[in-house]
Number of protein chains: 2
Amino acid sequence: MTGNFWRCVWVLGLLFLQVGTGYGRQIPCDDSLSLWQNRSVKTAIVAFVQHVSDPDDAAYVPPEDRIVTIDMDGTLVCERPSPVAMVFAESLLKELAEAPQLQGRLPYDAARQDRLKSLRKNHFELFFGMSGAGLEEDAVRQKVRALARQGRHPRFERPYRELFYRPMLQLITYLMQNDFIVYVLSGSDQTVVRTLCAERPELAGLPPARFIGTLVALDVDYGTQGPVFYRLARELEPVNLRKGKALNILYRIGQQPILAIGNSGGDCDMLAATLGSRYPSTLRLLLRHDDDAREYAYPTTKKSSSPDRKGDTGLCRTRVGSDILSISMKDDFRQIFDLPAQ
Amino acid sequence: MTGNFWRCVWVLGLLFLQVGTGYGRQIPCDDSLSLWQNRSVKTAIVAFVQHVSDPDDAAYVPPEDRIVTIDMDGTLVCERPSPVAMVFAESLLKELAEAPQLQGRLPYDAARQDRLKSLRKNHFELFFGMSGAGLEEDAVRQKVRALARQGRHPRFERPYRELFYRPMLQLITYLMQNDFIVYVLSGSDQTVVRTLCAERPELAGLPPARFIGTLVALDVDYGTQGPVFYRLARELEPVNLRKGKALNILYRIGQQPILAIGNSGGDCDMLAATLGSRYPSTLRLLLRHDDDAREYAYPTTKKSSSPDRKGDTGLCRTRVGSDILSISMKDDFRQIFDLPAQ
């Protein structure tokens, strides 16, 4: 630690004297990842970024192939007790459940009777679609924006848009500064993903095409103002989870990632996609939720040995190979959420 | 014409004297669009590009919103007598039709009996999928590449990759030089679109994500080398034609185009998407096939008044408004295909 400290002082001194422009960027002690503890994961990330960005390195990857795919729920933003897209879908369903005409109709009945969780589990391919059926996409965006700004997380009592993990946003900024092409891949309703992420200035540099989620089937009509999109009561294949993430990487990106970051078994296929890269050096990261004080500690039960259970990475490791690094929320993150306004 | 000529000479003279750097770029007589005749369409395109690129102009569009969507078959590459993706699908079906085990099974039987056209018309949502069912995506890419290089167009007797319209490729280069974000949207099998377009150096600057086609359903398995994709016997919604193009602009791009270029009723929805742009100045172009000597002259029959008939733009105009410019292949293109090798 002391050696590292003096190395930093020395390098910063050099920078101050304007000797060796650009050299400072390659030193982990600059503050590109200041919200990360100086532990092995941070070192591994910085080393990886340096290697693939250095044209003289055997691991060099040209900028146009520097693809990184990052999960959203539980990787960029808090997903407990429910992912934001689920909170949103449930609020729409509960709105509809007030209509007496819908009495006896699933899923509106389920919304009335609080059987939403089983509905979500058993009919995931209908859940986002059913909840917003008939709504215009513009109206959906407005409602999501309102939820992101005015909705309150039940435990943290702050708007959902303030529940992004700051170290992860900082990592994205760092990757973009190093010419990585960042994609966010989420199982959630794509419109929710785009609208929620648009609330963060750190993600403003990413065009909508970089956000890939589960698609709700739409119809389109034309007014004088151009196309108007209406939601139909179902989703399109493939749902962007598990295999769907690998498929959408092919369909929507067409290049295999060299870096993939997730937090659950639903991300295994995305992590495995890196193995299809034609470059020698690739990196896979899984965020471990082990910080009950500042966020959540996901239980690791026997049941969670299924690859699709949240928080479990055992089978993911078997499938992808053991070469996955864990990020510990507790030990690697200096800060988690935005600091409260003064 | 003479006035224009002397204006060019004067401007070129200025450029030669290195007076007013960068000014020359804005003059239509530079050779950015040298394969286009100096007619009204070229003037309109250049004026449009200048206006939206000029920060001091009321029509200015920042580079991140300078989206252009361009159809492929019949707009970038010859589609008669059959689009390349159809030639490819038919060749796969004919291969399969040789297997006695498939006797009596559609569509292999149709391939044997030359009923492919009606199969294609009535079961478009199965056609690409059925033809390659069970094939690995890598194998599909190799076969498409072979067809693009070694297959011969029945009339022009040259490889399919030489049947791109050079003025259109030049226009794409010009748009990219002016920071347009170019997307190719095609009803054809997306893998065919990407693989065929990858054969053209003029399109090499576009990553695979910029090519949006009809998706064939895939399954994925994992080997030691990463994911392996297998084709299933159907396509995914939405087929990327008509409404599907408007939907995929939302799903895959998430920004409305300011410029759209097509050649048929299947492109109407894509042209209409420009009306959803939040910028005041947008442009719509339709390529008219009226050059039987150098390419094809599509018949304009009464039947073609349906908006989905090739070559017809009447109903497209009604739907989109009259504000669509026609490009005449005969009058606007100085050259059509690559010049024959010497």
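Two residues are in contact if their C-beta atoms, placed from the backbone, lie within 7 Å. By that criterion, residues 24 or more positions apart account for 66% of the contacts in chain A with a separation of 6 or more.

This is a predicted model, in which local features need pLDDT of at least 70 and side-chain atom pairs count only at pLDDT 80 or more, while totals for chains, interfaces and linings use all residues. Residues are numbered from 1 along each chain as its sequence is written, and chains are lettered from A and ligands numbered from 1 in the order in which they are written.

Of the 342 residues in chain A, 44% are buried. Buried means that 20 or more other C-beta atoms lie within 10 Å of the residue's own; with 12 or fewer a residue is exposed, and in between it is partly exposed, with C-beta atoms placed from the backbone.

A nonpolar core is a set of buried Ala, Val, Leu, Ile, Met, Phe, Trp, Tyr and Cys residues joined through C-beta atoms within 7 Å. The largest one has 171 residues, and A:Val184 and B:Val184 have the most contacts inside it. Helix H3 (residues 84-97) of chain A gives the most to this core, with seven residues. Leaving aside residues up to four places away in sequence, A:Val184 touches A:Ile70, A:Met72, A:Leu76, A:Val193, A:Cys197, A:Arg210 and A:Phe211.

**Contact between the chains**

Chain B and chain A each put 31 residues into their contact. On the chain B side, strand S4 (216-223), strand S5 (226-235), helix H10 (243-253) and helix H11 (268-273) each supply at least two residues. H10(B) gives the most to that side, with seven residues. By class, the side of chain B that touches chain A has 19 nonpolar, six polar and six charged residues. Here Ala, Val, Leu, Ile, Met, Phe, Trp, Tyr, Cys and Pro count as nonpolar, Asp, Glu, Lys and Arg as charged, and the others, Gly among them, as polar.

Eleven of the eleven residues of H10(B) are buried, including B:Lys243, B:Lys245 and B:Arg252. B:Gly254 follows H10(B) and has a positive phi, near 80°.

**Helix packing**

Axes are lines fitted to C-alpha atoms, for helices over the stretch in contact, and angles run from 0 to 180 degrees between N-to-C directions. A crossing is left-handed if the near helix is turned anticlockwise from the far one by less than a right angle, and right-handed if clockwise.

| Pair | Angle | Axis distance | Crossing |
|---|---|---|---|
| H7(A) and H9(A) | about 50° | 9 Å | right-handed |
| H7(B) and H9(B) | about 50° | 9 Å | right-handed |
| H3(B) and H6(B) | about 45° | 8 Å | left-handed |

In chain A, A:Glu137, A:Val140, A:Arg141, A:Val144, A:Arg145 and A:Ala148 of H7(A) meet A:Thr191, A:Val192, A:Thr195 and A:Leu196 of H9(A). These residues divide into five nonpolar, two polar and three charged.

In chain B, helix H3 (residues 84-97) and helix H6 (residues 124-132) pack at about 45°, which makes H3(B) oblique to H6(B). Angles under 35 degrees count as roughly parallel, over 145 as roughly antiparallel, 65 to 115 as roughly perpendicular and the rest as oblique. B:Ala85, B:Ala89, B:Leu92 and B:Leu93 of H3(B) make this contact with B:Phe127, B:Phe128, B:Ser131 and B:Gly132 of H6(B). The contact of H3(B) with H6(B) has six nonpolar, two polar and no charged residues.

How values were computed. Helices (H or I, at least four residues) and strands (E, at least two) are DSSP runs, numbered from the N terminus.
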